[in-house]
Amino acid sequence: MVLNPGQRRYPPAAVAWTVWGLGALLYLIAFYQRVAPAVMTDRLMNDFAIGATELGNLSAFYFYSYVAMQIPTGIIADRWGPRRLLTAGAAVAAVGSAVFAYAPDLWWASAGRLLVGASVAVAFVSMLKLASHWFAPQQFALASGLALVFGVVGGVIAGVPLRLLIEAWGWRPVMGVSAVVTALLAVAIWLRVRDDPADWGYDSHTQTTHDSGQHASILRGVAAVLSYRNSWILLITPIGIAGAVLTFAGLWGVPYLRQVHGLETRTAAAITSLLLIAWAVGGPLLGTLSQRLGHRRPLYVWTTAAALAGWTVVIFAPIPVWLLIVTLLFTGLVSGNLIIGFAFAKESVPVRLMGTASGICNMGPLLGGMLLQPAVGWVLDRNWLGASANGARIYDATAYQTAFSLMAACLVVSLCLIPFAKETHCQQTA
């Protein structure tokens, strides 16, 4: 093809989506690793001779390092570039998964989860950075939305498919294979991903600039973001909303459905996967609706109230399984309002602080999982009546109701906070 003078030669769509897609696969693995413990709670309790408290902490080790890496990841991405950061992330995730798979005791298993959480935390920021270089600006929103799709696919894989594999081969060999797959992804990223189309002779969709003072001022940026009241509100609010979803779908929902409602593990895993799918669908729907209404706060308030009502029914109402599933789907859908919170947070600060505000706001949902998963486990153990099966503790309906009350309590806090947020009317703060 002959180009006219001045005509730009952007990368073909197939090349751009391949580069971005390899980064997206690491995000898929991140979500897979996040919720995988939910379908192996009985095996982990038996192998490590632990109760709910220790199991909650084991799962939460993923969140400890993931949350800690949120702000540093942006700085490292600027210095290293997405290619090196994604490669390193996938390689370390493979090591962490292998450590977890063959851990001789709880300490090593926790170390493996810690490594996985820290390493896969680089995926989302790196994906967005690749998208800004490889896609036209009007495609950026599409890429961002598809990122959530990749994440949910990872969560679904960690449901029924993972449980079937575990029943056939055992959790250790399956997680060992997960480590090998992640290592192969690290190789593929190094071979195929490039930070910018210019590395392959194409024109970039962005102009790269270097700000020598950017990294030195990061702490001042964080302090500036936290000086806005909305930043605190929109950081704390998702702890209850997203934390409830991650706590139920990511760890305690499967044993609850199995032990209280008498469902098979596969069926329980399918139900928690449906909750995640509804959560993913609700995000873009509620975000778009909020934009069309021209307001953030009212819809955020009403959907949080709806989520609280949904979880109250799930936790306390003696309803049949079919109605429980419908209620969980509804609750997952309205819990997608955390997308409103992301937009709300970005609009609540000046443009120069948008990136930092997004990183801080993104910590809220992760803090929810980090705090609630072990807290629910601790309450379960305090209310354990001594029953067990195959080395795993069995908890009754009262124990789960008491433990899940923590989720409802956090949602009450969220609902009380949102009305105090300053409405942005979907406009960026000057």
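His 425 is partly exposed, as its relative accessible area is 43%. This value belongs to a predicted model, as do the other values in this report. In the chain, His 425 is found in the segment that comes after α18, a helix covering residues 397–417. The backbone of His 425 has a phi near 55°, which is a positive value in a residue other than glycine.

Ala 49 also has a positive phi, of about 55°, although Ala 49 is not a glycine. Ala 49 lies in the loop between α2 (41–48) and α3. With a relative accessible area of 69%, Ala 49 is exposed, because a residue counts as exposed when the figure is over 50%. His 425, at 43%, counts as partly exposed.

Ser 59 belongs to helix α3, which covers residues 52–68. Its relative accessible area is 2%, so Ser 59 is buried; the limit for this class is under 20%. Apart from residues up to four places away in sequence, Ser 59 touches Pro 37, Arg 113, Leu 251 and Gln 373.

Met 175 is placed in helix α10, formed by residues 171–192. Its relative accessibility is 1%, and Met 175 therefore counts as buried. When neighbours within four places in sequence are left aside, Met 175 is in contact with Tyr 32, Gln 33, Met 40, Ser 97, Phe 100 and Ala 101.

Helix α7 consists of 12 residues, 123–134. At 1.5 Å a residue, this helix should span 16 Å, and the distance between its end C-alpha atoms is 16 Å, which agrees.

Which residues of α7 are buried? They are Ala 123, Ser 126, Met 127, Leu 130, Ala 131, His 133 and Trp 134. Seen down the axis of α7, these buried residues fall within an arc of 165°, so they line one face of the helix.

Leu 274, Ile 277, Val 281, Leu 285, Leu 329 and Leu 333 make a nonpolar surface patch of about 440 Å². The elements that give two or more residues to this patch are α13 (265–293) and α15 (321–335). The most is given by α13, with four residues.

Ile 277 has its place in helix α13, and its relative accessible area of 34% makes Ile 277 partly exposed.

## Salt bridges

The structure holds seven salt bridges. One of them joins Asp 42 and Arg 163, whose closest N and O atoms are 3.3 Å apart. Asp 42 lies in helix α2 and Arg 163 in helix α9 (residues 160–169), so the pair ties together parts that are 121 residues apart in sequence. Both Asp 42 and Arg 163 are buried, and the relative accessibility of Arg 163 is 4%. Arg 163 also meets Glu 167 in a salt bridge, with an N to O distance of 3.2 Å. Being four residues apart in helix α9, Arg 163 and Glu 167 are separated by about one helical turn. Glu 167 counts as partly exposed, at 33% relative accessibility. Asp 42, Arg 163 and Glu 167 are among the members of a network of salt bridges, which also includes Arg 43 and Arg 266.

A further salt bridge is formed by Arg 296 and Glu 347, with the closest N and O atoms 2.5 Å apart. Why does this pair tie together parts that are 51 residues apart in sequence? Arg 296 lies in the loop between α13 and α14 (297–316), whereas Glu 347 lies in helix α16 (residues 338–347), so the bridge connects parts with that separation. Arg 296 is buried, and Glu 347 is buried as well.

Notes
Residues numbered from 1 in each chain as written. Predicted model: local features only at pLDDT ≥ 70, side-chain atom pairs only at ≥ 80, totals over all residues. Heavy atoms only, no water. Buried < 20%, exposed > 50% of the residue type's maximum accessible area, 1.4 Å probe, protein only. Contact = heavy atoms within 4.5 Å. Patch = residues over 30% accessible without salt bridge, like charges linked within 9 Å, V, L, I, M, F, W, Y side chains within 5 Å. Areas by Shrake-Rupley, 256 points an atom, 1.4 Å probe, with all protein chains shown as cover. Salt bridge = Lys/Arg side-chain N within 4 Å of Asp/Glu carboxyl O. Expected span 1.5 Å × (residues − 1). Arc of directions from axis to C-beta.
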